[in-house]
Amino acid sequence: MWPFNRKGPSGFSSSSTAEEVTAGIDATGLTAIVTGASSGIGSETARVLALRGAHVVMGVRNLTAAKQVQQSILKDNPSAKLDAMELDLSSMESVKKFASQYKSSGRPLNILINNAGIMACPFTLSKDNIELQFATNHIGHFLLTNLLLDTMKKTSRQSKREGRIVNVSSEAHRFTYSEGIRFDKINDESSYHSWRAYGQSKLANILHANQLTTLLKEDGADITANSLHPGTIATNLFRHMGVANGIVNAIGRLVLKNVQQGAATTCYVALHPQVKGVSGKYFSDSNLSKTTSHGTDADLAKKLWDFSMNLIK
């Protein structure tokens, strides 16, 4: 089915599934948050992590959809540990509420998977007056990570197990605006381009993980932060695409990854022993990959960090 399935150094390829890349891994005792876990690769990531024994907390906008996913997983795996909590990443208030509720639950946190996202939508401002793709794909996850970092540090210290932060980015980071991140034009509707704005938000995911790596190392925390491209998958991300959405649905099964393959790299980076101690890297098809020069620009990563901190104040 998949024509480019040559295995990389990890032993996996673009056609490897999430179950295949985690075969034999015991995640019992680990607690993971997966954002956007009510559909697509998010729900498959939650399913496979639970299958391997992790306690999975699904951060979702739609609790009804999440409950259906939960029931479906429990039907096949009655011992799965799954919870759903409301989380709207386009709203800082919602992110703060989620983090507060999570912390007050007293749960540990070993793995944070920043997966949720929107793609190429028409120009819209979030509730916090930030362009919606940048707000949802980057700022919401940036704030969530910041709010939960102390919990992750405490968990890694007490459990003596490495914590992992996983940002689901995209090869679309290659098609951002020429300057990478438009700090002075984030909300400029007149020059807004839906695809470039998506690329900008996905570049931000990579830079976020990179700068986080620098800060975690300085802090001596046993936590890694990486980013990845899941592959091009036929999911509801294409819902704003009109004709393209129809094409994706029609030919997707022939040329795109299915959801099981799409969730593989996320699950690999979150659980695989090969990734132990690896941080500030970008993965694709469950192997190390390369970003654009913007994606390895340390000054740009630092500037984005400061810019983002200012936005979440």
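Biologist: Ground rules before we start?
Modeller: This is a predicted model: local features need pLDDT of at least 70, side-chain atom pairs count only at pLDDT 80 or more, and totals for chains, interfaces and linings use all residues. Residues are numbered from 1 along each chain as its sequence is written, and side-chain values use heavy atoms, with hydrogens and water left out.

Biologist: In what order do the eight strands sit in the sheet?
Modeller: The order is β3-β2-β1-β4-β5-β6-β7-β8, in an open sheet with mixed pairing. Strands (E, at least two residues) and helices (H or I, at least four) are DSSP runs, numbered from the N terminus. Two strands pair if DSSP finds at least two bridges between them.

Biologist: Which are the edge strands?
Modeller: β3 (81–86) and β8 (287–289), each pairing on one side only. The twist averages 25° from one strand to the next. Axes there are lines fitted to C-alpha atoms, for helices over the stretch in contact, and angles run from 0 to 180 degrees between N-to-C directions.

Biologist: How is β1 joined to β2?
Modeller: Five bridges, with the two strands parallel; β2 covers residues 55–60. I33 stands opposite V57 in β2. β1 (residues 31–35) also runs parallel to β4 (residues 111–114), through three bridges. A32 has I111 as its bridge partner in β4.

Biologist: What packs on the sheet there?
Modeller: α5 does, touching β1, β4, β5 and β6 (223–229). Its direction makes about 165° with that of β4. Contact means heavy atoms within 4.5 Å.

Biologist: Why call β1 largely enclosed?
Modeller: Because five of its five residues are buried. Buried means under 20% relative accessible area, exposed over 50%, partly exposed in between (1.4 Å probe, protein chains only). T31, I33 and T35 are on one side, A32 and V34 on the other.

Biologist: Switching to V269. Where is it?
Modeller: In helix α9 (residues 264–271). α9 lies across β4, β5, β6 and β7 (282–284), at about 160° to β5.

Biologist: Is V269 buried or exposed?
Modeller: Buried, with a relative accessible area of 1%.

Biologist: What does V269 touch?
Modeller: Not counting residues up to four places away in sequence, R164, V166, N226, L228, V275 and F283. R164 is 105 residues from V269 in sequence, yet 8.2 Å away in space, C-alpha to C-alpha.

Biologist: Now the holes. How many cavities of 30 Å³ or more?
Modeller: Two. On a 1 Å grid over the protein atoms alone, a cavity is a set of points where a 1.4 Å probe fits but cannot get out; a pocket is an open set with protein on both sides within 12 Å along at least five of seven lines. Lining residues have an atom within 4 Å of a point. Grid points are joined across faces, edges and corners, and a volume is the space filled by probe spheres set on the points.

Biologist: What volume does the largest cavity have?
Modeller: About 60 Å³. Its lining includes E131, Y177 and R182.

Biologist: And the second largest cavity, what lines it?
Modeller: N114, A116, N137, H141, N167, V168, K202 and N205. Its volume is about 30 Å³.

Biologist: What about the second largest pocket?
Modeller: About 260 Å³. It is lined by 13 residues, and R164 is among those nearest its centre.
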